[in-house]
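Subject: Structure for you to look at

Hello,

Here is the structure you were going to look through. Please open it first, then read the notes below beside it.

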Amino acid sequence: MQEETVKNMILGEDDDYVVNMGPQHPSTHGVLRFEVSLYGETIRKVVPHCGYIHRGIEKMCERDTYPQIIHLTDRMDYLSAHMNNEAVCLCVEKALGVEIPERVTCIRTILDELNRIASHQLWWCAMGMDMGALTTFFYGLRDRERILDIFEESFGSRLLHSYNTPGGLMHDIHPGFRKRIVDFIRYFRKKLPEYDQLLTDNVIFRERTEGIGVLSLEDAIQYGVTGPSGRASGFSCDIRKIEPYGAYRKVSFHEVLRTEGDTLARYKVRIAEMYESMHILEQLVDQIPEGDYSAKMKAVIRVPAGEFFQRVETARGELGVYIVSDGNKTPYRIKFRTPNFSNLFVISKLAPGHKIADLVAISGSLDLVIPDIDR
Amino acid sequence: MAVNIYDFTELTRNIGSGLQRAMSPGWARATEYVIIGLAFLLFYAVTGLYIIYGERRICAFMQNRLGPNRVGPAGLFQTIADLIKLLTKELIPIRNADKLLFNVAPFIVIIASFMAIAAIPFARGLQALDFEIGIFYVIAVSSLGVVGILLAGWSSNSKYSLIGAMRSGAQIISYELSVGLSLLTIVVYSGTMQLSGIIESQANGWWIFKGHIPALVAFLVFLVASTAETNRGPFDLAEAESELTAGFHTEYSGIRFAFFFLAEYMNMFIVASIATTVFLGGWMPLHFGLNNTFNHVMDIIPPVVWYLIKTASVVFVMMWFKWTFPRLRIDQLLTLEWKYLLPINLVNIVVVAFLCLMGWHF
Amino acid sequence: MPDAGFPANPQFSEILVPKDRYYDFCRTIKTSPDLFFDYLISLTAVDWNDHFMIVCHITSTRYRHTLVVKTRLEGREELSVKSISDLWKTAEYHEREVFDLFGIRFLNHPDLRRLFLEDDYGYPLRKDFTDETRMIIK
């Protein structure tokens with residue numbers, strides 16, 4: 001019975017043409033295999049196979065202390081590394097009941113939003129490139145380099161920060177931090193309309209994204225599709241609004257929602273989110289309070305026995321950290337509810353009926369980062 | 001007629017008679033053929049190499065970066081280095097591939113493009129094949145390339161290649177119609193299919209100016225259709241790297257891949273040459289009317305240079321397309337041809353025929 | 001429901017249901033209009049050496065309340081519980097992950113196969129799992 005179910009799942013009718021996209025493929029962003037069953041050019045069934053980059057992060061975390069776990073969380077969704085770090089730190093701080101200085105929350109939120117912009121820039125590059133507009137890759141990266149320069153100057157590494165630690169930050173920010181961010185915002189506000197000119201208003205791009213891969217609100221909630229992909233279907237799931245953390249209570253911003261749920265809607269939600277992030281940065285960057293960069297923590301962090309859950313809005317959706325502790329210095333069980341895990345499997349609902357070229361468009365618009373799926 | 005443009009037929013006749021005196025007629029003929037063949041091969045190879053270099057530089061310029069600038073002065077020897085690398089690569093044999101067709105396919109593509117280039121006029125008298133049915137010959141011969149592509153995809157025994165080849169075949173066959181019909185407008189204007197005749201008829205102005213609106217429409221349609229013919233630009237889904245690896249030439253390596261690659265760029269050059277010959281005057285300098293000082297000034301620049309400048313501009317525009325636009329999907333591509341370009345073309349031809357009857361063009 | 005337990009949890013309401021009432025309870029909380037728990041955030045399992053605990057975090061998009069539903073599976077062999085994947089589609093994949101890493105079978109699951117690992121790998125997240133070549137124990 002098991003074998004039959006497996007076969008039906010994978011192949012469909014016998015005279016279908018089964019093609020593999022991946023695991024090494026220029027447009028699945030990471031190692032992911034799509035087994036696509038085709039009828040001519042039309043997709044009948046898509047089965048994603050993941051697990052090529054499963055590193056056992058949850059098992060490794062059971063052996064590492066809490067500050068060491070931070071370095072592992074970076075590597076899950078590496079494009080929102082800071083937000084992953086922050087999720088674990090917030091969970092541990094909530095468990096210990098530690099009061100974090102204002103300065104730390106403000107800086108954490110600023111870096112969150114910078115990271116969100118950087119992540120969306122890379123998404124835009126890759127989306128254009130998958131569609132065939134190869135120049136967008138370079139324009140997006142050119143602007144992203146500015147943010148990465150800020151990161152490198154502040155804490156030494158461009159992508160995988162590990163700047164957060166339970167209790168606060170590793171060290172204080174660079175003195176030129178504020179100025180750099182103000183310069184960046186001024187520069188990027190001029191460049192972002194260029195993105196619209198190049199891709200959004202292009203007739204070919206619209207033809208390829210309008211009406212493709214429509215995700216209804218029902219399905220978004222059922223499949224747990226969060227983040228910009230869910231918000232494009234009208235699913236109001238922004239954790240920054242539902243359970244505000246960090247400095248999000250103090251700033252005002254809109255949650256970008258659309259109702260069409262097609263690829264173009266997901267695209268537009270992310271572009272709008274970049275504008276919103278810049279708005280948040282403008283509100284926060286001039287008001288970083290003075291103070292400590294970290295609360296006083298013991299040398300060895302022992303979380304009291306119990307269970308703790310924290311949700312954070314990463315660039316791709318909702319990251320949930322569930323820590324089960326038995327009082328030791330390492331967690332007893334830690335579970336990461338990653339956004340890309342839920343976002344991936346909705347492809348087998350969205351793609352059938354479209355053409356192969358649309359599969360690339362849909363998976364580009366869902367913005368998947370594969371290490372997040374496999375952990 | 002433009003009197004003071006040098007006519008290369010003097011030179012070729014001199015060479016021909018020189019050979020006749022030196023050896024028997026049969027040998028003289030053979031030597032002539034060998035000289036022409038070698039000259040064209042050299043031209044083809046060198047132009048191909050430098051178009052590829054040009055594309056990499058132009059693409060880099062549009063993408064905010066430098067292109068190849070290390071190998072040789074300003075990177076000019078980059079493509080030669082790439083060519084040497086491709087020549088020394090291993091020719092990977094494919095299991096269960098149809099060996100004969102697999103080996104023959106790249107040659108068919110190259111031969112088709114080579115036959116087309118033989119008919120291009122570079123200056124007055126500097127043309128290898130000058131048939132009375134010039135345009136018809138060029139269109140017919142460049143259609144042979146599709147056979148090579150289909151063979152390549154089929155004989156590779158690989159799903160990706162087959163899908164790529166089928167798409168490419170459908171695309172090329174559809175767009176040939178638009179290419180042919182848009183060229184037909186100028187044939188109606190100039191009254192001859194002979195390429196040198198078309199150019200001579202532009203001695204008082206290029207057809208794109210003389211033929212005003214219908215010629216402009218035909219030019220734009222030709223530009224779009226020929227980009228699709230050559231699998232370039234927004235119509236390159238047959239080799240879309242982000243979808244199906246490399247389409248019909250996935251399984252080719254080394255020199256065979258080099259043939260496909262070279263043929264693609266030379267096809268672009270040929271198509272640009274046809275566009276310049278038919279719409280932009282070929283080697284004819286920019287004239288307005290006949291026998292005035294403006295024309296004499298324009299004639300100072302040699303015709304070969306005019307021809308190269310025009311072709312280079314059209315090639316630049318085609319490269320610009322590629323690096324700006326996203327790719328079209330196969331059904332959108334075919335819709336574009338059958339529902340938009342073909343009706344436009346047909347209406348255009350009727351309009352041109354009417355204009356010619358009434359004499360309402362320059 | 002007489003034999004449900006309410007473990008103390010400072011953060012969310014939590015309920016421990018017996019294994020055989022698990023599916024019905026989940027269906028009730030999903031379909032009931034006042035509770036309307038329509039969004040399953042996460043489904044996972046914890047290995048407590050003598051028993052396993054399935055933990056689901058479920059929330060309502062309408063009323064914004066969250067509930068933690070737990071159910072206890074005794075023993076270490078032959079573990080199985082009814083699947084809730086027909087209530088929340090995302091559970092299908094979370095349950096596959098739990099099957100892959102813990103070895104807990106979900107009955108009536110549409111496609112229960114391993115997600116990340118090979119078929120003969122063993123169940124890594126169990127506390128008694130050892131693998132000398134791949135694991136570094138401190």
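Two strands are said to pair if DSSP finds at least two bridges between them. Helices (H or I, at least four residues) and strands (E, at least two) are DSSP runs, numbered from the N terminus. The model is predicted, so local features need pLDDT of at least 70 and side-chain atom pairs count only at pLDDT 80 or more, while totals for chains, interfaces and linings use all residues. Residues are numbered from 1 along each chain as its sequence is written, and chains are lettered from A and ligands numbered from 1 in the order in which they are written.

Strands of a sheet pair through backbone hydrogen bonds, either parallel or antiparallel. In chain A, three strands make an open sheet in the order S1-S2-S3, with antiparallel pairing. S1 and strand S3 (42-49) of chain A are at the edges with a single partner strand each, so one side of each has no neighbour in the sheet.

Strand S2 (residues 33-39) of chain A is joined to S3(A) by seven bridges, and the two run antiparallel. Which residue in S3(A) stands opposite Glu35(A)? That residue is Val47(A). H15(A) packs on this sheet and touches S2 and S3 of chain A. The direction of H15(A) makes about 145° with that of S2(A).

Is strand S7 (residues 317-325) of chain A enclosed or open? Nine of its nine residues are buried, so S7(A) is largely enclosed by the rest of the structure. A residue is buried if 20 or more other C-beta atoms lie within 10 Å of its own, exposed if 12 or fewer, and partly exposed in between, with C-beta atoms placed from the backbone.

S7(A) pairs with strand S6 (residues 306-314) of chain A in the antiparallel sense, over nine bridges. A hairpin of two residues connects S6(A) to S7(A), and Glu318(A) in S7(A) is the bridge partner of Glu313(A). S7(A) also pairs in the antiparallel sense with strand S8 (residues 333-337) of chain A, over five bridges. There, Gly320(A) has Arg337(A) in S8(A) as its bridge partner.

Chain A as a whole

Chain A has 16 helices and eight strands. Its radius of gyration is 21 Å, close to the 21 Å that the globule rule gives for 375 residues, so chain A is as compact as a globular protein of that length. The radius of gyration is taken over C-alpha atoms, and the globule rule is 2.2 Å times the number of residues to the power 0.38. The C-alpha trace of chain A spans about 65 × 55 × 35 Å along its principal axes. Of the 375 residues, 52% count as buried.

Two residues are in contact if their C-beta atoms, placed from the backbone, lie within 7 Å. Among contacts in chain A between residues at least 6 apart in sequence, 71% join residues at least 24 apart.

One residue in a loop

Ala232(A) is in the loop between helix H10 (227-231) and helix H11 (239-242) of chain A. Ala232(A) has 29 C-beta neighbours inside 10 Å and therefore counts as buried. Apart from neighbours within four places in sequence, Ala232(A) is in contact with Arg258(A), Gly261(A), Ala265(A), Arg266(A) and Val269(A).

Two helices in chain B

Helix H4 (residues 99-117) of chain B packs against helix H5 (residues 134-142) of chain B at an angle of about 170°, and their axes are 8 Å apart. Ala112(B), Met115(B) and Ala116(B) in H4(B) meet Val138(B), Val141(B) and Ser142(B) in H5(B).

Where the chains touch

The contact between chain C and chain A takes 26 residues from chain C and 28 residues from chain A. On the side of chain C that touches chain A, S2(C) gives the most, with six residues. The contact between chain A and chain B takes 25 residues from chain A and 21 residues from chain B.

Regards

Key. Axes are lines fitted to C-alpha atoms, for helices over the stretch in contact, and angles run from 0 to 180 degrees between N-to-C directions.
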